[in-house]
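The structure is shown first.

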Amino acid sequence: ADMTPTLALSVLDVAGAVPQVARLVKPGDTVMVIGAGGKSGMLCLHEARKRAGVTGTVLANTNSAKSTERARGLGLADHVFSADATQPVKVLEQVEKLTNGKLCDVVINCANIPNTEMASILSCRDRGTVYFFSMAVSFTKAALGAEGVGKDVDMFIGNGYAHRHAEISLNVLRENQKLREVFQELYAGK
């Protein structure tokens with residue numbers, strides 16, 4: 001009742017991501033969101049910041065100038081950097097620099113383009129977690145890629161459904177007025 005149907009539908013379109021981030025990210029974690037300037041990426045940034053807390057570190061990987069500016073404007077990430085996620089070594093170099101070589105505890109892939117699997121896997125520390133929310137992800141590329149580079153990470157494939165996903169995801173816009181304004185402008189009309 002507190003938002004237009006169009007605004008609510010823009011969130012419900014990607015509602016499965018937020019509760020998964022809430023399950024995976026713990027206080028103090030270093031988390032990276034790939035595709036952080038997109039619809040699911042912005043919602044995941046909010047939840048990652050909330051769950052990692054003040055002792056955690058949140059990295060936002062974007063690609064276009066607009067998505068980089070949008071992610072920076074939200075103020076949810078400790079570091080926002082633009083790098084093509086289909087170029088895994090370039091992303092890894094940025095992550096190594098920003099984490100002093102420790103890499104990420106959790107990597108959330110919300111990119112809507114193919115061939116971003118290895119950027120996610122390489123950026124994650126051994127025994128860390130990679131959550132692939134993007135439907136552009138290839139399970140084969142992810143599984144064989146991790147094996148090929150000898151990376152021992154837990155990988156989760158996104159599911160559009162999680163218990164109470166609608167309520168949890170809509171609450172993100174209730175908790176974050178700046179994010180709500182961005183969603184209103186981009187997806188629901190002014």
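A residue is termed buried under 20% relative accessible area, exposed over 50%, and partly exposed in between, with a 1.4 Å probe and protein chains only. With a relative accessible area of 31%, Asp154 is partly exposed. The model is predicted: local features need pLDDT of at least 70, side-chain atom pairs count only at pLDDT 80 or more, and totals for chains, interfaces and linings use all residues. Residues are numbered from 1 along each chain as its sequence is written, and side-chain values use heavy atoms, with hydrogens and water left out.

A salt bridge requires a side-chain nitrogen of Lys or Arg within 4 Å of a carboxyl oxygen of Asp or Glu.

| Pair | N to O distance |
|---|---|
| Asp78 and Arg49 | 2.8 Å |
| Lys50 and Glu175 | 3.0 Å |
| Arg127 and Asp154 | 3.4 Å |

Helices (H or I, at least four residues) and strands (E, at least two) are DSSP runs numbered from the N terminus. In the salt bridge between Asp78 and Arg49, Asp78 belongs to the loop between α4 (65–74) and β3 (79–82), and Arg49 to helix α3 (residues 39–52), 29 residues apart. Asp78 is partly exposed at 40% relative accessibility.

The salt bridge of Lys50 with Glu175 joins helix α3 to helix α8 (residues 165–175), parts that are 125 residues apart in sequence. Lys50 is partly exposed at 41%, and Glu175 is partly exposed at 44%.

Arg127 also bridges to Asp154, tying strand β5 (residues 124–132) to strand β6 (residues 154–157) across 27 residues in sequence. Arg127 is partly exposed at 44% relative accessibility. A network of salt bridges links Arg127, Asp152 and Asp154.
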